[in-house]
Amino acid sequence: MKGNSMNKPEEEFTIKLHPRPQEKVSLDIPTDTLASLKKVAASRDMSCEALLKLYIGQGLREDLAKSFSNRVLEATAQVLAKHIDSEAEISDILQEIRTETSR
């Protein structure tokens, strides 16, 4: 098994990131918050900058997903309004969709 890639697992899991343009920002953070960030970053074996980027990315993805979901619900409401005369029925359907997707 000379060519077996199991001997070199790093070849199987190479992550190729495309560099993206970046811009420096300055941010005032309360001293106690920064101290907490540094502790959490150290416990995760990462830099404070990397932890901040992680938190920003998570929050951004969450907000973008919520925005997309809202647009889908608005489009759904418009389509339903073309086919159903009852606003109460449309409201009930949309509420059921919200309930089912929030689980």
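Among contacts in the protein chain between residues at least 6 apart in sequence, 9% join residues at least 24 apart.

View 1. The model shown is predicted, and its protein chain holds 4 helices and 0 strands, which follow one another along the sequence in the pattern α-α-α-α. Of the 103 residues in the protein chain, 10% count as buried, and the chain exposes about 9,700 Å², of which carbon and sulfur atoms supply 55%. The mean pLDDT of the protein chain is 88, with 89% of the residues reaching 70 or more. Confidence is lowest in helix α1 (residues 9-12), where the mean is 63, and highest in α2, where the mean is 97. Where pLDDT is low, the predicted coordinates should not be read in detail.

**View 2. Helix α2 and the residue D45 that comes just after it.** The end C-alpha atoms of α2 are 19 Å apart, which agrees with the 18 Å that its 13 residues should span at 1.5 Å a residue. Just after α2, D45 takes a positive phi of about 55°, a positive value in a residue other than glycine. D45 is placed in the loop between α2 and α3, and with a relative accessible area of 74% this residue is exposed.

**View 3. Helix α3, its span and its buried residues.** Helix α3 has 36 residues and reaches 53 Å from its first C-alpha to its last, close to the 52 Å expected at 1.5 Å a residue. Within α3, the residues C48, L51, G57, L73 and L80 are buried, and what covers the buried residues of this helix includes α2 (31-43) and α4.

**View 4. The salt bridge between E49 and K53.** By the rule applied here, the count comes to 1 salt bridge, and it is formed by E49 with K53, whose closest N and O atoms are 3.2 Å apart. Both E49 and K53 lie in helix α3, where they are 4 residues apart, about one turn of the helix. An α-helix has 3.6 residues a turn, so residues three or four places apart point the same way. K53 counts as partly exposed, because its relative accessibility of 44% falls between the cut-offs of 20% and 50%.

View 5. Leaving aside its neighbours within four places in sequence, L73 is in contact with L94, I97 and R98. The C-alpha atoms of L73 and Q95 are separated by 9.9 Å, although these residues are 22 residues apart along the chain.

**View 6. N70 of helix α3 and R98, residues separated in the sequence.** N70 has its place in helix α3, and with a relative accessible area of 40% this residue is partly exposed. N70 and R98 are 28 residues apart in sequence, and from C-alpha to C-alpha they are 9.9 Å apart in space.

Definitions and conventions: Residues are numbered from 1 along each chain as its sequence is written. This is a predicted model: local features need pLDDT of at least 70, side-chain atom pairs count only at pLDDT 80 or more; totals for chains, interfaces and linings use all residues. Side-chain values use heavy atoms; hydrogens and water are left out. A salt bridge is a side-chain nitrogen of Lys or Arg within 4 Å of a carboxyl oxygen of Asp or Glu. Helices (H or I, at least four residues) and strands (E, at least two) are DSSP runs, numbered from the N terminus. Buried means under 20% relative accessible area, exposed over 50%, partly exposed in between (1.4 Å probe, protein chains only). The expected span of a helix is 1.5 Å times one less than its number of residues. Contact means heavy atoms within 4.5 Å. pLDDT is the predictor's confidence in each residue, from 0 to 100. Accessible areas come from the Shrake-Rupley method with a 1.4 Å probe; for residues, only the protein chains shown count as cover.
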